[in-house]
Amino acid sequence: MPSRVRVWLNRTYAENVFFMDQLRRNPSDRAVEIHATHGDADSPVLAAADTADLEPEGLSPAGYVEYALDQCARRGIDVFVPRLHQAAIVAHRAEFEAVGTALLAPTREAIAVFEDKATAYEAVRSVGVPVPPWWRVRTAGELIAAVEELEAAGEVACFKPASGAGGVGFRVITREPFSLAHLAGFPGPHVRLDLVVEALERAAEPVNWLVMPRLGQPEVSVDCLTGPDNRVRLTLGRTKNGRRRGFTLHKKWLEPARLVAEGFGLHYLSNVQFRMHGDRPVLLDVNTRPAGGLHQLSLCGVNAPWAAVQLALGEDPGMIEPPFLGQDYTVVSAPRPLRAVSLPQQRTAQPEILLPAVPAPLPTVQQTSPEALPL
């Protein structure tokens, strides 16, 4: 009988409770135990885990690596899925292997390329993947020049940090005067150019922003599963157009994603995002980690988290073709239980599984998306 698999997720997104659900309900019927750590005692990931710890605060990347190695050795971790300090951890892959832990993470070189969006755009353009026009901006003068060039071309300018995840720091430039319309409803991403310029001129140090045109919908996130041999086992696109979500296997999205995943060593789970610039898809972002919405592929009969763990264990799942494409759906939030007592604690009862490994006839995925801001 196959032995149990012990998986650790460190300081990860709340949505990865569904990642954990899928590991436990794997098609191999393999026993999986999950360890989770986080800086927030009320993270639902901690409540969903079999064992959990609060992470120490204030550790340097090197200090965190030592902490992680100790966790893996003491907990008997077979597969570690690092999000926090991913780059520092993969630099010590051999040390984790020495304590019996496989890292479910890309190569050190791939992480370095995609930590900075400007560097990433240059790299993927060199292999033929289309990217939008972009400017790296550090000063008020550079911002004004980039915005004026975009506006002269009939584009709406936006900016975001050159490094970062999701929609954090994303803003759309406007020249409209402040009015009561800005006080109606919820705050939006629009910000006046003169206010941004004033803030930059007062700043003590330069920023590191990417300025580009606001791209159109749909947004397509291609989830990729790639082996350490650089061969992609799975590419499947998730489409977003307003509230409506769906799936696609169209080659105009999947082929450039495959180029990126195979060409840059994005081993195991990665996510390549596209949007429209005019009438053609262009690269938006590349995530060197499992996407928060990865579990939505279960609506196509695919269990990507388990296939990735199999690869990390040296058990090749082979090429994965979705048996069907799930119907269009939307995303809503749902309650999840939290731990009632202080950590550490071992879970004594299995919680209710909220997301099936195989979808029901009329599915509604229950999550709160980390990709809430429009781009």
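**View 1. An open, mixed sheet of five strands.** In this predicted model, five strands form an open sheet with mixed pairing, in the order β6-β10-β7-β8-β9. Strands β6 (135-137) and β9 (190-192) stand at the edges with a single partner strand each, so one side of each is left without a neighbour in the sheet. From one strand to the next, the twist averages 35°. Strands (E, at least two residues) and helices (H or I, at least four residues) are DSSP runs, numbered from the N terminus, and two strands pair if DSSP finds at least two bridges between them. Strands of a sheet pair through backbone hydrogen bonds, either parallel or antiparallel. Residues are numbered from 1 along each chain as its sequence is written. Local features need pLDDT of at least 70 and side-chain atom pairs count only at pLDDT 80 or more, whereas totals for chains, interfaces and linings use all residues; side-chain values use heavy atoms, leaving out hydrogens and water.

**View 2. Strands β7 and β10, with two helices packed on the sheet.** Five bridges pair strand β7 (residues 157-161) with strand β10 (residues 209-213) in the antiparallel sense. Within this pair, P161 stands opposite W209 in β10. Helix α7 (residues 117-125) packs on the sheet and touches β6, β7 and β10; the direction of α7 makes about 55° with that of β10. Helix α8 (residues 140-152) also packs on the sheet, touching β6, β7, β8 (171-174) and β10, and its direction makes about 150° with that of β6. Contact means heavy atoms within 4.5 Å. Axes are lines fitted to C-alpha atoms, for helices over the stretch in contact, and angles run from 0 to 180 degrees between N-to-C directions.

View 3. The 13 residues of helix α10 (residues 251-263) should span 18 Å at 1.5 Å a residue, and its end C-alpha atoms are 17 Å apart, which agrees. The expected span is 1.5 Å times one less than the number of residues. Buried residues in α10 include W253, L254, P256, A257, V260 and A261, where buried means under 20% relative accessible area, exposed over 50% and partly exposed in between (1.4 Å probe, protein chains only). Just after α10, G265 takes a positive phi of about 70°.

View 4. Ten of the ten residues of strand β14 (residues 268-277) are buried. Strand β11 (residues 216-226) runs antiparallel to β14, joined by eight bridges, with V220 opposite F274 in β14. Seven bridges join β14 to strand β15 (residues 280-287), also antiparallel, and here F274 stands opposite L283 in β15. The hairpin of β14 and β15 has two residues between the strands, and in it G278 takes a positive phi near 70°.
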